Amino acid sequence: MARLIDPSLQKLSFIMAEMGDMVTESISLAIDSYLDGTNTMDKVLALSDSIRSKYYEVEDLTFDMLLKYQPVADDFRFIRSSTEISYAFSRFGRYAYDITQVRDLFGDVSECTNASLIESTKKVKHMIKEAVMSFAELDVRKAIKIREDEKVIDRIYKERLPKLIESNNTKCALAEALLLRYLERIGDHAVFMSDAINYIVTGKHRPSEARIASHTKQD
Amino acid sequence: MTTTIERRQEYRNLFKNNVEKRLMVDKTVRIIVFACVIIAIIPLGSILVEVFKNGIAAISYEFLTETPGAIGSGEGGIGPAIQGTLIIIGLSSLIGVPIGVMSGIYLSEYGDNKLARSIRFFNDVFMEFPSIVLGIFAFLVIVLILGHFSVWAGAFALSLIMFPIVARTTEESLKMVPMTYREAGTALGLKKWVITFRIVISAAKNGMITGILLSVSRIGGETAPLIMTILGSSQFFSSMDVPMDALPLRIWRLSLLPYDSAQLQGWGSALVLIMIILAINLGVRYFFANRSKKRGLLAQLIKKGMHTKN
Amino acid sequence: METQISSDPPSTIDSEKYKMIAENVTISYDGIEAVKDITMKFKEKSVTALIGPSGCGKTTFLRCLNRMHDMTKNAKVDGKVMIDDIDLYDKSVDPIYHRRKVGMVFQKPNPFPTMSIYDNVTAGLKLNGVRDKKILNEIVEDSLKMAYLWDEVKNDLKKSAIELSGGQQQRLCIARALAIQPEVLLMDEPASALDPIATQKIEETITELKKEYTIIIVTHNMQQAVRVSDYTGFMYLGDLIEFRETKKLFTDPKNDLTAKYVQGQFG
């Protein structure tokens, strides 16, 4: 017989799945808009707003379940992680919008595209897809891949920034700097998300927190 | 849900159909039960009324204190009988109650074995013995051996009647005390006898007293055993080894005489006996009821008579 | 059913003293095992909750910790129950003496019905021969204070115990158990017969008491176990399935059966 909490849990999973799809779409659109010059700002804004309102829905649902059912064990960890993950989703939506804003403000910057940009944007798209799948399947093995991708994005970010200072083309330099910044933040949140998924499955809490915190400190 | 709304309505209608008849049956049963109660009470009530009516005329100070006069003279009183009844009740209780209570305690608290089961069985059988048989027994065992009628024999006979009743009611009262109080006592590290005597009996007090009073009332009116043991006499109590008078005996003797005055005295004696039993009952309950001052005394006296579970 | 006992190895529990240790306890009624070879260690000044579906043996196990089964016919207890290194079940030990080291509070409040509040609290003392009025008064005040009942009854200690409300009666039973100065307190679903406010008071009392006593509580209310206990043991059909720190057991149970039970998937 179904428990009282089961319909709420199913609803939670459903909303999260919707958010995941929207996140994947919005980030793809945003990155493509930057790389090939299309202006997708309105579309991505709409998606980002949707994601944000779903985030509030998840919050309400979570606290409702806590109030009514006092969940424990697997249920508890799933609900707890869902708040963290839906926050990550809302951040992804926001950064996607920020990226399309760069294209909107700066105009067509497709000529600024270079190899490292292509590499990092590819990695980010891949990361997001993996993260959303990892949550859908509660598969912690993907976490390793996500952490590797994040390291690459970090490395590119650290390498490129100093070079951009030397650049002659101000427009490209600034656009690239902003983009790299957003990509790096997306990477961090993807890792937090994989931690949250890890918590659901293994019960271990925040393994990457220290590492992320340390590398965002100023050296 | 496979039951439709219409079907549910049909089910409801089923109940409606029977209502008239069931109310009627209910009423009828109630009337019958009430009628039975009335039928039962009427004889009892009328006995009381008769005794009172006929006996009140005989009551006087002289009647209550003097020895019987010449047969048929209408003089004298039933002083020795009253005294004898009180003595015999007292003595029998002194013997029967402690033995009965101890047996009851044994059966209830320590009696989860074969021996206890046999004792319980024989106890119940014993309770059903005709009192005349017990009287004959006392006659054979004490009167014949010692060679004379005596108060000892009478007390012995009556205590035999008393103690099975006391044992049974004590056991039942103790059994009604919930196990959890004994467990609480055990958890406090108390020894078994302490738990039994200080906690369990304290909680079973009311039931036990009822049982004891029941047995006292029973023996107060026993005649046959007394005929064969204390025989009766016209003198006040002198010693334990000689016959003694008692109200049931006196009533019996008086009622057999053909004189009106004797009959009157007989009714008077009956009235006195009933009054004594009533007084003992009320007195004991009053003593134990006096503890809490909350409700009305009468309500308490009546309440204590029921087997109340605390 | 072969089950692995999931518990943290002793070295990860810090080295505070164990007040009570139950070793290889097996309890059987008429030859049928109700509790199967259970070993549990109870840390000093902690609260341990025992949870599990009805009939899993948790109450049976609890009662063997103060030798209550001596009162039950056909009950056989094997194994050791050690308090401070003395085995309660050792032949040379007087059970009555050691029952005073382990107090017990029962599911349904059972203050002695014919005694006053004062007499109830002192029952374990007076009936064991303690007579000194001054000491008795001190202990009564101390015990009632610890049970959070003093303020409510201090003006009328001679009142009959059964005139108190259910929650007050239960706290009176706690005071009565504490009066004999035990070191371990066993509680068998102490709040299950009480309303929510009274339950809350009992839980507050337990939380205060654990500063001085080692408490073991059987409860069917899992949220109560989470609120009140430091360690939790989950029992099923007479076996100890999992025994861990409460928070860990409820957020990340290692055993599947435990996870199913605490999430309400059976029992």
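What distance separates the centres of domain 1 of chain B and domain 2 of chain B, taken over C-alpha atoms? It comes to 35 Å. Domain 1 covers 5-58, while domain 2 is made of 97-248 + 279-305, with bounds that come from an automatic or database domain assignment.

A quick note on conventions. This is a predicted model, where local features need pLDDT of at least 70, side-chain atom pairs count only at pLDDT 80 or more, and totals for chains, interfaces and linings use all residues. Residues are numbered from 1 along each chain as its sequence is written, and chains are lettered from A and ligands numbered from 1 in the order in which they are written.

Now look at two helices of chain B, H6 (residues 151-176) and H8 (residues 192-220); helices here are DSSP runs of H or I with at least four residues, strands are E runs of at least two, and both are numbered from the N terminus. Their axes sit 8 Å apart at an angle of about 155°, with axes being lines fitted to C-alpha atoms over the stretch in contact and angles running from 0 to 180 degrees between N-to-C directions. H6(B) and H8(B) are therefore roughly antiparallel, the label for angles over 145 degrees. Among the residues that meet are B:Leu158 and B:Ile161 from H6(B), and B:Val200 and B:Ala204 from H8(B).

Over to chain C: 21 of its residues are in contact with 17 residues of chain B, contact being C-beta atoms, placed from the backbone, within 7 Å. On the chain C side, helix H2 (95-99), strand E7 (102-105) and helix H3 (117-126) each give two or more residues.

Conventions: Two residues are in contact if their C-beta atoms, placed from the backbone, lie within 7 Å. Angles under 35 degrees count as roughly parallel, over 145 as roughly antiparallel, 65 to 115 as roughly perpendicular and the rest as oblique.
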